[in-house]
Amino acid sequence: MDTIKTKTGFKFNEDTKHAIKFLFLLKSHLLSNLRTSLNLLEEIQLTGDIFFPKHWLDATFSGHLSKEALTIVDKFLDENKNSNERLMQKVLQSTDLL
C-alpha cells in the first residue's frame, strides 16, 4: 500500500482518499456522541459504583483534543450549573487536557 507522504511530497490514491474520508466521518460521529455521553452522566452515577462516572468520562474523552470537544463540554457545564457538583468536577478532571 502506498503511503500518504513520500520524501518528495504527498501522494494521493483511492485508498488514501477513502482513509481520510473515514477519519473525518469517524471524528464527526465521535464528536456527536460526546454530548450524549455527558447527558447520561447522572444516570450512570445511579449505578452505585463510585468510580464508574469517572471511568465513563475518561473513556468518552480519550483521544479528544479538539476545540469542538471543548465547546461541547463548556456548553454542557454552562447548561448544568445547578447539577451535582461532584459530577461536574469529574467532567472537569476528565476534560482537563482539552
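## A buried asparagine

At 19% relative accessibility, Asn-80 counts as buried, a term that means under 20% relative accessible area, with exposed being over 50% and partly exposed in between (1.4 Å probe, protein chains only). This is a predicted model, in which local features need pLDDT of at least 70 and side-chain atom pairs count only at pLDDT 80 or more, while totals for chains, interfaces and linings use all residues. Residues are numbered from 1 along each chain as its sequence is written, and side-chain values use heavy atoms, with hydrogens and water left out.

Asn-80 sits in the loop that runs between helix H4 (67-79) and helix H5 (85-94), where helices are DSSP runs of H or I with at least four residues, numbered from the N terminus. Once its neighbours within four places in sequence are set aside, Asn-80 is in contact with Arg-35 and Met-88, contact meaning heavy atoms within 4.5 Å.

## The nonpolar core

The largest nonpolar core has 14 residues, and those with the most contacts inside it are Leu-38 and Val-91; such a core is a set of buried Ala, Val, Leu, Ile, Met, Phe, Trp, Tyr and Cys residues joined through side-chain atoms within 4.5 Å. Helix H1 (14-39), helix H3 (52-61), H4 and H5 each supply at least two residues of this core, and the largest share, five residues, comes from H4.

Leaving aside neighbours within four places in sequence, Leu-38 is in contact with Leu-57, Phe-61, Ile-72, Val-73, Phe-76 and Val-91.

## Where H3 meets H5

Pro-53, Lys-54, Leu-57, Asp-58 and Phe-61 in H3 meet Leu-87, Lys-90, Val-91, Gln-93 and Ser-94 in H5.
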